[in-house]
Amino acid sequence: RLALPWLIGTQHTVQQWTEALQAVTGRQVVIKGDTSLALWPAPSVMIRDVWIANAPGASAETMARIDTMTLELPWSVLTGGAAIPNTVRVQGLALE
């Protein structure tokens, strides 16, 4: 995979996705791992070790942990289009 994080703005995309996930779940979302960008077979951002916090007072620290989340983006993102994923893939989901 070809990695060019400066081309799409990986950190900005991850921040937007984190905020959207927090808004949907109502829970804090923390990225514990690294992020990377690939351009083949489609522009995509890979996020590793994602934690979604549990409700206050719950016995477990997290509601969910995700080993890898991949956001496939439209090709238009390369020309300044919105970084709204076409596909989201989750690998290694653990629900507490």
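V90 sits in strand β5, which covers residues 87–95; helices (H or I, at least four residues) and strands (E, at least two) are DSSP runs numbered from the N terminus. Before going further, please note that this is a predicted model, in which local features need pLDDT of at least 70 and side-chain atom pairs count only at pLDDT 80 or more, while totals for chains, interfaces and linings use all residues. Residues are numbered from 1 along each chain as its sequence is written, and side-chain values use heavy atoms, with hydrogens and water left out.

**The nonpolar patch**

V90 has a relative accessibility of 41% and therefore counts as partly exposed. On this scale, buried means under 20% relative accessible area, exposed means over 50%, and partly exposed is in between (1.4 Å probe, protein chains only). Together with V88, L93 and L95, V90 makes up a nonpolar patch on the surface, with about 370 Å² of accessible area for the four together. Patches are made of residues with over 30% relative accessible area and no salt bridge, where like charges are joined within 9 Å and nonpolar side chains (Val, Leu, Ile, Met, Phe, Trp, Tyr) within 5 Å. Accessible areas come from the Shrake-Rupley method with a 1.4 Å probe, and for residues only the protein chains shown count as cover.

**The whole chain**

How many helices and strands does the protein have? It has 2 helices and 5 strands, and along the sequence they follow the pattern α-α-β-β-β-β-β. The radius of gyration is 14 Å, close to the 12 Å that the globule rule gives for 96 residues, so the protein is as compact as a globular protein of that length. Here the radius is taken over C-alpha atoms, and the rule is 2.2 Å times the number of residues to the power 0.38. Along the principal axes, the C-alpha atoms fill a box of roughly 45 × 25 × 20 Å.

Buried residues account for 34% of the 96 residues. The accessible surface comes to about 5700 Å², with 56% of it belonging to carbon and sulfur atoms. Contact means heavy atoms within 4.5 Å; among contacts between residues at least 6 apart in sequence, 50% join residues at least 24 apart.

**Along strand β4**

Strand β4 spans residues 62–72 and contains R65. T62, T68 and E72 are found in strand β4 as well.

T62 is buried, with a relative accessible area of 3%. Leaving aside neighbours within four places in sequence, T62 is in contact with W51, I52, A53, N54 and E96. A polar contact of 3.2 Å joins the side chains of T62 and R65. Such a contact is a pair of N or O atoms within 3.5 Å; within protein, one must be able to donate a hydrogen and the other to accept it, and residues adjacent in sequence count only if both atoms are side-chain atoms.

R65 is partly exposed, at 30% relative accessibility. Not counting residues up to four places away in sequence, R65 touches V50, W51, G92, L93, A94 and E96. R65 and L95 are 30 residues apart in sequence, yet 6.7 Å apart in space, C-alpha to C-alpha.

Is T68 buried or exposed? T68 is buried, with a relative accessible area of 13%. T68 brings us back to V90: the two are 22 residues apart in sequence and 5.9 Å apart in space, C-alpha to C-alpha.

**Salt bridges**

Side chains of opposite charge can pair when their charged atoms come close. The structure holds 2 salt bridges, each defined as a side-chain nitrogen of Lys or Arg within 4 Å of a carboxyl oxygen of Asp or Glu.

| Pair | N to O distance |
|---|---|
| R48 and D34 | 3.5 Å |
| E72 and R89 | 2.6 Å |

E72 lies in strand β4 and R89 in strand β5, so this pair ties together parts that are 17 residues apart in sequence. E72 counts as buried at 17% relative accessibility, whereas R89 is partly exposed at 45%. Beyond four places in sequence, E72 touches A42, P43, S44, P85, N86, T87 and R89.

R48 counts as partly exposed at 28% relative accessibility, and D34 counts as partly exposed at 45%.
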